[in-house]
Amino acid sequence: MSRLISIVIPTYNERDNIPVLLERLKRALNDRGIEYEVIIVDDNSPDGTAEVARQLSKVHPVKVVRRPGKLGLSSAVLDGVKVAEGEYIVVMDADLQHPPEVIPKMIEAAERGCDIVVASRYVPGGSVGNWSTVRKLISKGAILLAHILLPQSRNVKDPMSGFFLFRREVLEQARNLNPRGFKILLEILVKGRYSKVCEVPFKFGTRFKGESKLSSKEILNYVLHLLELSPSFIRFAIVGGTGTFVNLGVLSLCRYVIGLPHAVAAPIAIEASVINNFVLNDRWTFKHSRVGSWVTRLLKFHVSSAVGVLTQLAVSLGVYYEAGLHESVVAQIIGIIAGFVLNYLISRRFVWRER
Ligand code: GDD
Ligand code: MN
């Protein structure tokens, strides 16, 4: 096989792992006649990881990308991919939790036609090693959430894996890749161009030296990240939920703090919720789909919200009186769903222009 394999390895304080890792890569690949290059993307690690890597580039096929400070795992991977020259790109951690010996199996899978090959802890033959029950539960919960929110992750048993291979074409045309966060594979599964994903098992080892950089802040970021990648109606619904709180909050403020009559307080509260929803949808739900001036979008959003409310009323009355379903709450809920769907469709098509 004469393909070049690029192995992108982000590092932050991994000095002691680099020599062992490079040795094992050499044994796993070179000895099988697999041509490869290693790209170490180091964020100016205080422990001098970059220096160690530079020294070892005399005896191993290593390129070192040095970044000025700790800019995050995903962006490190993307910066590494930019300089990768191989036909296949492998991403792995430096701490030997990802055994280099699995890479030949990943390449074999790619040669059989897989565009993305995930080294997986959750297919037969794989395992997470000696994790505590709590950590196992967190991991399973995170995967379940990904499967619910991201349809593209559903046929991957381990969409959180940080160890995977992809054909370079998968990312060549990808737009809006988010450089923040820990879960670059999710970005690739959602935004990449591919037809076949495969998984090969591996046993997640224990960290060789140094400590993990996965903090609770990263876990919160993870949930936000999932929402960013999920279909826009999920964010639209969440924004709608916040609008209800703003509506009721402003209503109480106007009524009980300022003392306005209900006839004045109610429209002010409704307008406040429409503005709240507009700002959140504009900056979050549809942030990649903004066209024209924000004033126009704001006016159009008022129209689509009004259509939503009128639909709600019409459907609720229709279900109650015409269809004869004499259950107020049920009729109202059906109305809310219908209004939501219409408001969403108009918003995504005419207020914003989601592709
Ligand atoms: N350049 C750079 N910049 N590298 C970083 C940064 C950063 O800000 N943060 C972490 N790294 C490097 C580490 O040095 C290591 O090589 C690799 O990224 C993974 O970091 P760890 O701290 O070892 O993460 P982990 O073991 O907790 O998480 C791994 O396993 C998870 C699955 O449980 C990662 O592979 C995750 O992506 C994966 O989801
Ligand atoms: Mn690790």
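A polar contact, as I use the term today, is a pair of N or O atoms within 3.5 Å, where within protein one atom must be able to donate a hydrogen and the other to accept it, and where residues adjacent in sequence count only if both atoms are side-chain atoms. What you see above is a predicted model, in which local features need pLDDT of at least 70 and side-chain atom pairs count only at pLDDT 80 or more, while totals for chains, interfaces and linings use all residues. Residues are numbered from 1 along each chain as its sequence is written, chains are lettered from A and ligands numbered from 1 in the order in which they are written, and side-chain values use heavy atoms, with hydrogens and water left out.

Let me start with the chain as a whole. The C-alpha atoms fill a box of roughly 80 × 45 × 40 Å along the principal axes. Of the 355 residues, 43% are buried, where buried means under 20% relative accessible area with a 1.4 Å probe and protein chains only.

An automatic or database assignment divides the chain into domain 1 (5-229) and domain 2 (232-351). The contact between them takes six residues from domain 1 and six residues from domain 2, contact meaning heavy atoms within 4.5 Å. The centres of the two domains, taken over C-alpha atoms, are separated by 42 Å.

Now to two side chains. Aspartate 43 sits in the loop between strand 2 (35-42) and helix 2 (49-56), and it counts as buried because its relative accessibility is 5%. Its side chain reaches the backbone nitrogen of leucine 71 at 2.8 Å. Apart from neighbours within four places in sequence, aspartate 43 is in contact with residues including Thr11, Tyr12, Arg67 and Leu71.

Histidine 98, in turn, lies in the loop between strand 4 (88-91) and helix 4 (103-111), and its relative accessible area of 2% is why we call it buried. A polar atom of the histidine 98 side chain lies 2.9 Å from the backbone nitrogen of aspartate 93. With neighbours within four places in sequence left aside, the contacts of histidine 98 include Met92, Gly162, Phe163, Phe202 and Phe204.

Next, where does the second largest pocket lie? Both domain 1 and domain 2 give residues to its lining, so the pocket lies between them. By pocket I mean, on a 1 Å grid over the protein atoms alone, an open set of points where a 1.4 Å probe fits, with protein on both sides within 12 Å along at least five of seven lines, and lining residues have an atom within 4 Å of a point. The volume of this one is about 790 Å³, that is, the space filled by probe spheres set on the points. Its lining has 28 residues, and Asn176, Val190, Lys191, His288 and Arg355 lie nearest the centre. Helix 9 gives the most, with three residues.

Helix 7 (184-191) is among the helices that supply at least two residues of that lining. Even so, helix 7 is mostly covered, with six of its eight residues buried, among them Ile184, Leu186 and Glu187. The cover over those buried residues includes helix 3 (73-83), strand 5 (116-120) and helix 8.

Definitions and conventions. Helices (H or I, at least four residues) and strands (E, at least two) are DSSP runs, numbered from the N terminus. Buried means under 20% relative accessible area, exposed over 50%, partly exposed in between (1.4 Å probe, protein chains only).
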